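Me: I am new to reading protein models. Please take me through this one in short questions and answers.

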Amino acid sequence: MRSPLKSRLGLATVLAFALALFGLAPAASADPAPATLTYSSSSATTTPGGTVNLSMTITNNKTYDIWFVYQTISPTWLTTQRPDLKYSFTGCSLATPTGAASCSGVGPSDLGGNYGATIPPGQSRTVTLTLQVAADSGCNGNIGFYSYYYAEFSDSSSTSGGPAFTPETRVLCA
């Protein structure tokens, strides 16, 4: 006569093995965002009268072209609370394969057109804004911005993101 204990033990072993096998299977990785917006700054500090270049890069992570980008850029709440900090955007350039090209629409406005034409899959476009700190600006305050973006792809899909925060620039007095 067969022992029921052995068959139960065998069944439990098979179930435990199956659970362990599926439990150890690699988890599905999340797809990257269809488009990402990243920032860099030429300097973390400046003095009154100085300039800082703020670069924004949008990367197309999809297998379709980006046809349209709309982006806003606005000062952070803490920046607006320091009326002694005086600054403005004085320049804008788009990095292209043939060199830098000027762009328009600087300041707290639509920067989307500044990214140029179609952005192919896996490629990026970088727009650099020149931030000029006034010579009579206050000191020991941070100037920072935040941004929202919206991108449309050639497959008729779209994505949006934000708020995305730029690196802050500290205005120091010499």
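Me: Is aspartate 136 buried or exposed?
Reply: Relative accessible area decides this, taken with a 1.4 Å probe and protein chains only: buried is under 20%, exposed is over 50%, partly exposed is in between. Aspartate 136 has 52%. That value is over 50%, so aspartate 136 is exposed.

Me: Which residue does aspartate 136 meet in a salt bridge?
Reply: A salt bridge needs a side-chain nitrogen of Lys or Arg within 4 Å of a carboxyl oxygen of Asp or Glu. Here the N to O distance is 3.0 Å. The partner of aspartate 136 is lysine 86.

Me: How many residues apart are lysine 86 and aspartate 136?
Reply: Lysine 86 sits in the loop between α2 (77-80) and β5 (87-96). Aspartate 136 sits in the loop between β7 (124-133) and β8 (141-143). Helices (H or I, at least four residues) and strands (E, at least two) are DSSP runs, numbered from the N terminus. The pair links distant parts of the chain, and the separation is 50 residues.

Me: What kind of model is this, and which pLDDT do side-chain atom pairs need?
Reply: The model is predicted: local features need pLDDT of at least 70, totals for chains, interfaces and linings use all residues, and side-chain atom pairs count only at pLDDT 80 or more. Residues are numbered from 1 along each chain as its sequence is written, and side-chain values use heavy atoms, leaving out hydrogens and water.

Me: How many salt bridges does the structure hold?
Reply: One of them joins aspartate 84 to arginine 82, with the closest N and O atoms 2.8 Å apart. Another joins aspartate 155 to lysine 62, at 3.0 Å. With the lysine 86 and aspartate 136 pair, the total is three.

Me: In what order do β4, β9 and β10 lie in their sheet?
Reply: Two strands pair if DSSP finds at least two bridges between them. β4 and β9 (residues 145-153) pair over nine bridges. The sheet is open and the pairing antiparallel; the order is β4-β9-β10.

Me: Which are the edge strands of this sheet?
Reply: An edge strand here pairs on one side only. The edge strands are β4 and β10.

Me: Which residue in β9 is the bridge partner of proline 75?
Reply: β4 covers residues 66-75. Proline 75 has its bridge partner in β9, namely phenylalanine 145.

Me: Which residues contact serine 158, leaving aside neighbours within four places in sequence?
Reply: Serine 158 lies in strand β10 (residues 158-165). Contact means heavy atoms within 4.5 Å. The residues are Tyr150, Ala151, Glu152 and Phe153.

Me: Which residues make the nonpolar surface patch of about 350 Å²?
Reply: A patch takes residues with over 30% relative accessible area and no salt bridge; nonpolar side chains (Val, Leu, Ile, Met, Phe, Trp, Tyr) are joined within 5 Å, like charges within 9 Å. Tyrosine 70 has 36% relative accessibility. Areas come from the Shrake-Rupley method with a 1.4 Å probe; for residues, only the protein chains shown count as cover. The patch is made by Trp67, Phe68 and Tyr70.

Me: What share of the protein chain counts as buried?
Reply: The chain has 174 residues. The buried share of residues is 32%.
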